[in-house]
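Visitor: Hi! Could you walk me through this one?
Guide: Happy to. Have a look first.

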Amino acid sequence: MRLFTWPARRILSAHKQPSEGSREFWGWLNAVFNKVDYERIKAVGPDRAAAEWLLRCGAKVRFRGFDRWQHDYNGLPTGPFGRYRIEAIDATESCIMYRGFDHLEGLEHVEEIRFNKCIYIEDACLERLSQIKTLQDSLKNMTIVSCGNVTDKGIIALHHLRSMEWLLLSDLPGVKDKDQTVDRLQTALPKLTIELDLA
(Lines give C-alpha, C1' and ligand atoms only; values in the text may rest on other atoms or scores of the structure.)
Protein backbone atom coordinates (compact mmCIF):
# COMPACT_ATOMS: atom_id res chain seq x y z
CA MET A 1 0.00 0.00 0.00
CA ARG A 2 1.39 3.39 -1.01
CA LEU A 3 1.14 6.37 1.30
CA PHE A 4 0.44 9.81 -0.05
CA THR A 5 3.44 11.99 0.73
CA TRP A 6 2.87 14.99 -1.51
CA PRO A 7 0.63 16.92 0.92
CA ALA A 8 3.24 16.63 3.65
CA ARG A 9 5.88 18.02 1.31
CA ARG A 10 3.59 20.88 0.36
CA ILE A 11 2.89 21.66 4.01
CA LEU A 12 6.59 21.49 4.85
CA SER A 13 7.57 23.85 2.07
CA ALA A 14 4.77 26.25 3.00
CA HIS A 15 5.88 26.08 6.63
CA LYS A 16 9.38 27.21 5.68
CA GLN A 17 8.01 30.52 4.44
CA PRO A 18 7.48 32.81 7.46
CA SER A 19 4.17 34.59 7.42
CA GLU A 20 3.85 38.27 8.25
CA GLY A 21 2.33 37.36 11.62
CA SER A 22 5.19 34.97 12.33
CA ARG A 23 7.76 37.69 11.64
CA GLU A 24 5.93 40.06 13.96
CA PHE A 25 5.84 37.41 16.67
CA TRP A 26 9.58 36.71 16.43
CA GLY A 27 10.35 40.43 16.38
CA TRP A 28 8.28 40.88 19.53
CA LEU A 29 9.91 37.88 21.22
CA ASN A 30 13.41 39.12 20.35
CA ALA A 31 12.55 42.52 21.81
CA VAL A 32 11.41 40.79 25.03
CA PHE A 33 14.70 38.84 25.19
CA ASN A 34 16.60 42.15 24.91
CA LYS A 35 14.73 43.97 27.67
CA VAL A 36 17.10 45.21 30.36
CA ASP A 37 16.27 44.27 33.95
CA TYR A 38 18.24 46.78 36.02
CA GLU A 39 17.25 45.09 39.27
CA ARG A 40 18.72 41.82 37.99
CA ILE A 41 21.99 43.60 37.15
CA LYS A 42 22.16 44.95 40.72
CA ALA A 43 21.34 41.55 42.19
CA VAL A 44 23.82 39.37 40.24
CA GLY A 45 26.33 41.86 38.83
CA PRO A 46 26.94 43.11 35.31
CA ASP A 47 28.84 40.06 34.02
CA ARG A 48 26.24 37.50 35.10
CA ALA A 49 23.33 39.65 33.86
CA ALA A 50 25.07 40.28 30.53
CA ALA A 51 25.83 36.58 30.11
CA GLU A 52 22.18 35.73 30.75
CA TRP A 53 21.07 38.31 28.16
CA LEU A 54 23.56 37.17 25.54
CA LEU A 55 22.79 33.45 25.92
CA ARG A 56 19.04 34.14 25.98
CA CYS A 57 19.50 35.84 22.60
CA GLY A 58 21.54 32.99 21.10
CA ALA A 59 25.06 34.40 21.59
CA LYS A 60 28.00 32.77 23.40
CA VAL A 61 30.39 34.08 26.04
CA ARG A 62 33.80 33.04 27.25
CA PHE A 63 34.74 33.82 30.83
CA ARG A 64 38.15 35.06 31.91
CA GLY A 65 40.45 32.15 32.73
CA PHE A 66 38.40 29.61 30.73
CA ASP A 67 38.99 28.27 27.21
CA ARG A 68 35.47 26.93 26.63
CA TRP A 69 32.68 29.04 25.16
CA GLN A 70 29.50 29.04 27.22
CA HIS A 71 26.36 28.71 25.08
CA ASP A 72 23.91 26.89 27.36
CA TYR A 73 21.82 29.32 29.43
CA ASN A 74 20.98 26.61 31.96
CA GLY A 75 24.66 25.70 32.25
CA LEU A 76 25.86 29.15 33.29
CA PRO A 77 28.31 28.70 36.15
CA THR A 78 27.36 29.88 39.59
CA GLY A 79 29.63 31.16 42.27
CA PRO A 80 30.42 34.17 44.38
CA PHE A 81 29.44 37.60 43.12
CA GLY A 82 31.98 38.71 40.51
CA ARG A 83 33.70 35.31 40.17
CA TYR A 84 32.97 34.95 36.44
CA ARG A 85 34.01 37.87 34.22
CA ILE A 86 33.13 37.97 30.52
CA GLU A 87 36.27 38.12 28.38
CA ALA A 88 34.78 37.43 24.93
CA ILE A 89 31.39 37.65 23.23
CA ASP A 90 30.41 35.75 20.08
CA ALA A 91 27.08 37.11 18.90
CA THR A 92 27.04 35.11 15.65
CA GLU A 93 23.48 34.80 14.32
CA SER A 94 22.07 36.03 17.61
CA CYS A 95 19.08 38.34 18.11
CA ILE A 96 20.87 40.93 20.26
CA MET A 97 19.68 44.44 19.48
CA TYR A 98 20.18 48.03 20.62
CA ARG A 99 17.52 47.72 23.28
CA GLY A 100 19.72 45.29 25.23
CA PHE A 101 23.04 47.09 24.98
CA ASP A 102 22.73 48.59 28.47
CA HIS A 103 23.69 45.08 29.61
CA LEU A 104 27.23 45.87 28.46
CA GLU A 105 27.66 48.68 31.01
CA GLY A 106 30.04 47.66 33.76
CA LEU A 107 31.80 44.87 31.84
CA GLU A 108 35.48 45.52 32.56
CA HIS A 109 37.26 42.53 31.00
CA VAL A 110 35.76 42.13 27.50
CA GLU A 111 38.64 41.87 25.02
CA GLU A 112 36.83 40.42 21.99
CA ILE A 113 33.42 40.86 20.34
CA ARG A 114 32.20 39.07 17.21
CA PHE A 115 29.19 40.32 15.29
CA ASN A 116 28.58 37.83 12.48
CA LYS A 117 25.26 37.67 10.62
CA CYS A 118 23.49 39.72 13.28
CA ILE A 119 20.33 41.04 11.64
CA TYR A 120 19.56 43.51 14.43
CA ILE A 121 23.03 45.06 14.71
CA GLU A 122 22.94 48.58 13.32
CA ASP A 123 24.85 51.85 13.63
CA ALA A 124 23.13 52.77 16.89
CA CYS A 125 24.44 49.54 18.46
CA LEU A 126 28.04 50.30 17.49
CA GLU A 127 27.67 53.90 18.65
CA ARG A 128 26.29 52.74 22.02
CA LEU A 129 28.99 50.12 22.46
CA SER A 130 31.69 52.69 21.64
CA GLN A 131 30.45 55.04 24.36
CA ILE A 132 30.83 52.49 27.17
CA LYS A 133 33.92 53.60 29.12
CA THR A 134 34.92 50.15 30.35
CA LEU A 135 34.84 48.76 26.79
CA GLN A 136 36.91 51.70 25.56
CA ASP A 137 39.61 50.49 27.94
CA SER A 138 39.35 46.70 27.51
CA LEU A 139 38.19 45.84 23.97
CA LYS A 140 41.06 44.70 21.72
CA ASN A 141 39.52 42.65 18.88
CA MET A 142 36.29 43.02 16.96
CA THR A 143 34.73 41.26 14.00
CA ILE A 144 31.80 42.71 12.05
CA VAL A 145 30.71 40.38 9.24
CA SER A 146 27.47 40.21 7.22
CA CYS A 147 25.58 42.74 9.33
CA GLY A 148 23.48 44.42 6.65
CA ASN A 149 22.29 47.35 8.77
CA VAL A 150 25.79 48.64 9.57
CA THR A 151 26.91 51.68 7.56
CA ASP A 152 29.93 53.97 7.45
CA LYS A 153 28.48 55.92 10.38
CA GLY A 154 28.59 52.88 12.68
CA ILE A 155 32.13 51.93 11.67
CA ILE A 156 33.41 55.49 12.22
CA ALA A 157 31.86 55.47 15.71
CA LEU A 158 34.32 52.74 16.69
CA HIS A 159 37.06 55.39 16.93
CA HIS A 160 36.18 55.76 20.63
CA LEU A 161 37.46 52.22 21.33
CA ARG A 162 41.00 53.44 21.99
CA SER A 163 42.41 50.05 23.07
CA MET A 164 41.30 48.20 19.94
CA GLU A 165 44.16 46.47 18.13
CA TRP A 166 42.41 44.41 15.41
CA LEU A 167 39.20 44.86 13.41
CA LEU A 168 37.76 42.63 10.69
CA LEU A 169 35.13 44.14 8.40
CA SER A 170 33.55 41.86 5.79
CA ASP A 171 30.36 41.68 3.70
CA LEU A 172 28.86 44.99 4.88
CA PRO A 173 26.74 46.28 1.98
CA GLY A 174 25.75 49.38 3.98
CA VAL A 175 29.36 50.63 4.03
CA LYS A 176 29.45 52.74 0.86
CA ASP A 177 32.66 54.77 1.20
CA LYS A 178 35.03 52.18 2.59
CA ASP A 179 38.28 54.05 1.80
CA GLN A 180 37.28 57.26 3.57
CA THR A 181 35.70 55.35 6.46
CA VAL A 182 38.81 53.22 7.01
CA ASP A 183 41.08 56.29 6.68
CA ARG A 184 39.09 58.14 9.36
CA LEU A 185 39.19 55.16 11.69
CA GLN A 186 42.89 54.55 11.05
CA THR A 187 43.71 58.21 11.70
CA ALA A 188 41.90 58.09 15.04
CA LEU A 189 43.42 54.71 16.00
CA PRO A 190 46.87 54.50 14.38
CA LYS A 191 47.79 51.23 16.15
CA LEU A 192 44.66 49.48 14.86
CA THR A 193 45.09 46.73 12.25
CA ILE A 194 42.06 46.66 9.95
CA GLU A 195 41.33 43.66 7.73
CA LEU A 196 38.87 44.39 4.94
CA ASP A 197 36.76 42.22 2.70
CA LEU A 198 34.26 44.79 1.44
CA ALA A 199 32.92 44.98 -2.11
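Guide: A word on terms: buried means under 20% relative accessible area, exposed over 50%, and partly exposed in between, using a 1.4 Å probe and protein chains only. This is a predicted model, where local features need pLDDT of at least 70 and side-chain atom pairs count only at pLDDT 80 or more, while totals for chains, interfaces and linings use all residues. Residues are numbered from 1 along each chain as its sequence is written, and side-chain values use heavy atoms, leaving out hydrogens and water.

Visitor: Thanks! Why does Phe101 count as buried?
Guide: Because its relative accessible area is 0%.

Visitor: How many aromatic pairs are there?
Guide: Four. Rings of Phe, Tyr and Trp (its six-membered ring) pair if their centres lie within 6.5 Å; planes under 30 degrees apart are stacked, over 60 edge-to-face, the rest tilted. One of the pairs is Trp53 with Phe101, edge-to-face at 5.9 Å centre to centre and 70 degrees between the planes.

Visitor: And which residues form a cluster?
Guide: Trp53, Phe101 and Phe115 form one aromatic cluster.

Visitor: New topic: what is Ala157 in contact with?
Guide: Leaving aside neighbours within four places in sequence, Ala157 touches Glu127 and Ser130; contact means heavy atoms within 4.5 Å.

Visitor: How far apart are Ala157 and Glu127?
Guide: In space they are 5.4 Å apart, C-alpha to C-alpha, and in sequence 30 residues.

Visitor: Is Ala157 buried or exposed?
Guide: Ala157 counts as buried, because its relative accessibility is 11%.
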